[in-house]
Amino acid sequence: MNDKLKMLFVDNPYIAEQVCTFCNALPEFREAERAFNAISEQIAEKLGNDLYFNFENAQSWYMAKLVNAYYLFGLGLRQEVLAAFL
């Protein structure tokens, strides 16, 4: 049972693909992505690619950790319950 829950919630190899498909089906997501890409290009032009990519990588790492925390809570399970299965 624990292995099945871990596979479903943590080690699911299909999550990234499924999230990508889901997001691409949302017009608001695609609009936000276009806006982000447009402003990113402008900032990179002003700061230079190296500094901008360093910033973007740091921000992406931070946001990935934040999103992961929301993901764990957003499953409708309390963190303690999920941790007990891992």
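**A chat about the chain**

A: Happy to! Let's start with I43, which sits in helix α3. Keep in mind that this is a predicted model.

Q: Is I43 buried, exposed or partly exposed, and why?
A: I43 counts as partly exposed because its relative accessibility is 33%, and that category runs between the 20% limit for buried and the 50% limit for exposed.

Q: Which residues form the nonpolar patch on the surface?
A: That patch is made up of F36, I39, I43, L47 and L51. Together they have about 420 Å² of accessible area.

Q: And which helix gives the most to the nonpolar patch?
A: Helix α3, which covers residues 27-47, gives the most, with four residues.

Q: Okay, new topic: pockets. What volume does the largest pocket have?
A: Its volume is about 230 Å³.

Q: Which residues line the largest pocket?
A: The lining consists of F29, A32, E33, F36, E56 and S60. Two elements give two or more residues to that lining, namely α3 and α4 (49-74).

Q: Which of the elements has the largest share of the lining?
A: That would be α3, with four residues.

Q: What's the lining like by class?
A: You'll find three nonpolar residues, two charged ones and one polar one around the largest pocket.

Q: Let's zoom out. How many helices and strands does the chain have?
A: There are five helices and zero strands. Read from the N terminus, the order of elements is α-α-α-α-α.

Q: How much of the chain counts as buried?
A: Of its 86 residues, 9% count as buried.

Q: And what about the accessible surface of the chain?
A: The total is about 7,300 Å². Carbon and sulfur atoms account for 62% of that surface.

Terms used:
Residues are numbered from 1 along each chain as its sequence is written. This is a predicted model: local features need pLDDT of at least 70, side-chain atom pairs count only at pLDDT 80 or more; totals for chains, interfaces and linings use all residues. Side-chain values use heavy atoms; hydrogens and water are left out. Patches are made of residues with over 30% relative accessible area and no salt bridge: like charges are joined within 9 Å, nonpolar side chains (Val, Leu, Ile, Met, Phe, Trp, Tyr) within 5 Å. Accessible areas come from the Shrake-Rupley method with a 1.4 Å probe; for residues, only the protein chains shown count as cover. A salt bridge is a side-chain nitrogen of Lys or Arg within 4 Å of a carboxyl oxygen of Asp or Glu. Buried means under 20% relative accessible area, exposed over 50%, partly exposed in between (1.4 Å probe, protein chains only). On a 1 Å grid over the protein atoms alone, a cavity is a set of points where a 1.4 Å probe fits but cannot get out, and a pocket is an open set with protein on both sides within 12 Å along at least five of seven lines; lining residues have an atom within 4 Å of a point. Grid points are joined across faces, edges and corners, and a volume is the space filled by probe spheres set on the points. Ala, Val, Leu, Ile, Met, Phe, Trp, Tyr, Cys and Pro count as nonpolar, Asp, Glu, Lys and Arg as charged, and the others, Gly among them, as polar.
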